[in-house]
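Open the structure in your viewer and keep the sequence panel beside it. The tour below goes from one selection to the next and says what is there.

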Amino acid sequence: MDPARKRRVRLVVALSAALLLAGALIYTSFSASSEARSPSQLLASSDASHSYQLTGTVVNGSIKKDGGTTIEFKVRDRTGSAAVPVKYTGSVADTFRDGREVIVTVKRQGDTFVGEKDSLVTKCPSKFTENTKTQKT
Amino acid sequence: MDALAIALVLIAACAAAYVLAGPLRSDRFEAEDAAHVAQLTDLETAKEARYREIREAEMDFRTGKLSEADYKEIDRQLRAEAIELLRKLDALGAAEAERVRKGAEAAAAEHAEEPAAREPADVPGGKR
Amino acid sequence: MADLGRGLTFLAFAVALYGVGAGLYGGITHNRQWATSARRAVYTLFGLTSAAFVVLEVAFLRSDFSFSVVQSHSSTTTPTFYKAAAAWSSQEGSLLLWLFLLSMWSAIVLFGTRHRMRDIQPYAIAVLMGFAVFFSALLVFWVSPFKTLPVAPLEGAGLNPLLRHPSMMIHPPMLYSGYTLWAVPFAFAVGALVVRRVDAEWIGATRRFALGAWFFLGIGILLGARWSYAELGWGGYWAWDPVENASLLPWLTGTAFLHSIMVQEKRGMLKTWNASLILATGTLAILGTFLVRSGILDSIHAFTGSSLGVPFVILIGAMILGSVALVVSRRDTLRSEHKLDSLLSREAMFLGNNLVLVGVAFVVFWGTFFPLISEALTGNKQSVGPPWYNTYTVPLALVLVLLSGVGPVIAWRRATPKNARRNFTWPLIAGVVTLVVLLPLGVGGKPWALGMFVVAAFAIGTVAQEFIRGVRARRAMTGEAPPLALLTLIKRNRRRYGGYTIHLGMATLFIGVAASSAFQHVKTVALATGQSTKIGNGYTIRYDRPTSRIDVEPTGVERLVFGAHLTLIKDGKKVQTLLPERGYYPIEGGDPAGPIGQYFDGEATSEVAMKAGLGRDIWSAITPNLDSTMKTVKLGDKTFTDAKGKLPEAQYNQALGTAIRGLVDNYRTKAPPAEFRLIVSPMVTWIWIGGIMVILGGAICLWPTGDLARRRATASYAARVARELGRA
């Protein structure tokens, strides 16, 4: 095979490999991802076999600890009052408290939503503050 | 508004303007032959790169990465490339010297005529 | 004072505008005077931004609360070091820091290269000043750090306690230096493409700029990971968080560039690729700056909905369009001089390295922006988590480490079997031995980790072989003693041995990452005093007793601290005491919930306690159970609020102090159970050791060599004669 043809073959092989990988990447990202939902969206419709990324604000006074490592709390829409109950086991960030914005991966179980272990992320309270990072649990 | 602040800012502005305008007020006009300078520095840099590669090839040979035959081949090739670059540099230098000589003659002719027109009246015996 | 800052920033904006104009004019008309004036504009900008930054710093250090940012990010009780660093904890202050660093690095680079690349410089200046115009415009017209409050309050809100850690305060300047430094090779690449000169001189200069940017960005990323591990309560160092990813993207493409530029230098290949890569890296650096403050992605670091999104998107769009237009229109200049001869060659390995790094960058980019992509395509905002990232980055990282072992040793153009046998025998043996040794130890259960250990052993074997052979060769030539031979070897071949050190560091780092991710033991457990729990291989942790204290600064109560005294036991013998704690900072300057409650309504931070070691880290964090304490607090709040008007102030404060102290002491006596997060992470320390090696290697590469000085003396004959003529 003359060098020019060899190079063309190499190029085709490389491009095909890249395309295959990109395809695999894109396909798995859609199937492995969890959908972000607000409480009102979750209340409207939720599939018990899917997990969702719940984003919202912790309802004031709703945090209940049972003494062990499980906590229960309610999450409401950022701008609104529709709230969903969440039962969560796993560690909790320093910044977790009433009124904080949270992201937690949940799956519906009956009337309540069970949080995936260690998936609770609490966002920082301040608005413009650059670099006020929060804790990930 | 803070008066001191305004004063300081104005001073800063004046200083900035002075600094920035400096090069523009210069009478000297230097013929900027960018293309020539670019060629020169590229050749010089390429030459330095060849030198470095020759040294590294020797290093590779001494550390056993290259066999003697391979090393001799590569060394010969790199030295030939370096010699070619030096030749180009010399040619460039010669062409440049020729150009400068012509330019200097022309500029000298200009300067010989100008003083008569430019000379300020109150400088005694000012002819060059 | 605020007026001074405002005025200086506006002046900086004006000077930057001038710089763009003067640079463009000087470049187009080949006029040296205008080019020099443009360069002076850069120096002037540096002076002005330094002065503006000093004004802001002084305001913070003096606790001048008439400045709105000082009021919202600092307080009289903030320690002085953190007062100074608080200047860049705000959106506005951090933008000023960015502009300051941009002007500083631009000034340094342009001063250092003032006699070189005369045709490219004016355009490079124009681009750099273009960035300066953008950022100074933001500071003047949108988010000014010099906004004042009509009445200066007496106290500020204080610095977020999460930031009260030295590495967290160095992290932003390092990171911003990394970002702003990528603007320099971007600018010079634009200039080089405009004047169609992408040859030897541009290559050498751009390589050094890129190395500097890569160096600082790497330090910034490493510091962020270390802070996350040692300070935050989750015990991890990387979360694939969008903002973390944003800083990694330019580092990945930058690393690729540093390798592929060597191919262009040696063989005149990959010119289009390199130009595109360096332009992309600069764009990614700006994208990273934008992402942190835009709020468009849900991230731990999300600073909700700032209005700066639109200007940044326009800037990034312009950069992308401009880059594409330049590369396409100059494709004849970017034609390769040679072609790839063989797949078994150093060029091919470098190309492979590039493909892997760009591949990882693509994965990270896709995952980071997936919420936006999926929302655009399907209407639902979906996001991917760490497992998805790991699926792709782990195999790619393995290939990368393997290539780093093969690349430096394989020959250019074409490798021969003889060459391969000479150079790969020992490293291969190292790899196989590692495999054989680790398999019976049970590592086989984690194939990816095992794979990483094996290829890392191979790569380290190559590097070790190179060092040994190099020292041997030097000694053969000069008869020096081994340590001296090693030093002179490195000194005289900085690029090569600096690079080897970096590879060694990266292999070590990946070993640490593989071991600590695959073989980690994590436990979240509630313990009562006296209780123990087992963790890891044969370790026991016993909760002996609670601890508590009040931390006081000269300016007042800094925080209330509640923690635990833990004993780490192995095989029945005490190993170490661990003292994890949680500090509760009072709300400052805001409406207190109650005289005592205010101490619990501010921020809380974890003080991690760990036993670090070369073999493993034992990491612990505590969440104290404050339920009963809070009941007392509520009671106390009521009592003290009632008593507020009825007692003289001194007595009131004294009573309050006694109450708080009593509360804190009470925690120790009542000793409720507490929740602990315990982690045993094998070989985490090797990550930091590897990181330090990478930084050391980078420093070796950056150290200037003698021949730079020689080249600066090269002056063109014509310019000299013209100068002399002008004087006559």
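Start with chain A, where buried residues make up 45% of the 137 residues; buried means under 20% relative accessible area, exposed over 50%, and partly exposed in between, with a 1.4 Å probe and protein chains only. This is a predicted model, in which local features need pLDDT of at least 70 and side-chain atom pairs count only at pLDDT 80 or more, while totals for chains, interfaces and linings use all residues. Residues are numbered from 1 along each chain as its sequence is written, chains are lettered from A and ligands numbered from 1 in the order in which they are written, and side-chain values use heavy atoms, with hydrogens and water left out.

**Stop 1: chain A**

Colour chain A by secondary structure to see two helices and eight strands. Helices (H or I, at least four residues) and strands (E, at least two) are DSSP runs, numbered from the N terminus. Followed from the N terminus, the elements run α-β-α-β-β-β-β-β-β-β. Among the contacts in chain A with a separation of 6 or more, 48% are between residues 24 or more positions apart; contact means heavy atoms within 4.5 Å.

**Stop 2: how the chains meet**

Show all chains again. Which chains share the most contacts? Of the two pairs of chains in contact, it is chains A and C. Chain A and chain B are joined by no contact, and their closest C-alpha atoms lie 22 Å apart.

**Stop 3: salt bridges**

Over all chains, the structure holds 31 salt bridges, each a side-chain nitrogen of Lys or Arg within 4 Å of a carboxyl oxygen of Asp or Glu. Select Arg197(C) and Asp42(B), whose side chains meet in one of them (2.9 Å, N to O). Arg197(C) lies in the loop between α7 (166–194) and α8 (200–231) of chain C and Asp42(B) in helix α2 (residues 34–62) of chain B, so the pair joins two chains. Are these residues, Arg197(C) and Asp42(B), buried or exposed? Both are buried.

Glu44(B) and Lys47(B) are buried.

Next take Arg50(B) and Glu81(B), with a salt bridge of 2.5 Å, N to O. This pair links distant parts of the chain, as Arg50(B) is in helix α2 of chain B and Glu81(B), 31 residues apart from it, is in helix α3 (residues 68–118) of chain B. Arg50(B) counts as buried because its relative accessibility is 16%, whereas Glu81(B), at 30%, counts as partly exposed.

For a network, select Arg549(C), Asp551(C), Arg559(C), Glu581(C) and Glu607(C), which are joined by salt bridges that share partners.

**Stop 4: two helices of chain C**

Two packed helices are described by the angle between their axes and the distance between the axes. Select helix α2 (residues 32–61) and helix α6 (residues 121–142) of chain C: they pack at an angle of about 35°, with their axes 10 Å apart. Axes are lines fitted to C-alpha atoms, for helices over the stretch in contact, and angles run from 0 to 180 degrees between N-to-C directions. Show side chains to find the residues that meet, including Ala35(C), Val42(C) and Leu45(C) in α2(C) and Pro122(C), Ile125(C) and Met129(C) in α6(C).

**Stop 5: Trp240(C)**

Move to the loop between α8 and α9 (242–267) of chain C, where Trp240(C) is found. Trp240(C) counts as buried because its relative accessibility is 13%. Its contacts, leaving aside neighbours within four places in sequence, include Leu248(C), Val364(C), Pro386(C) and Tyr389(C). Val384(C) is 144 residues from Trp240(C) along the chain, and their C-alpha atoms are separated by 9.6 Å.

**Stop 6: Leu527(C)**

Finish at Leu527(C), in strand β2 (residues 521–527) of chain C. With 3% relative accessibility, Leu527(C) counts as buried. Not counting residues up to four places away in sequence, Leu527(C) touches residues including Tyr543(C), Pro673(C) and Phe676(C).
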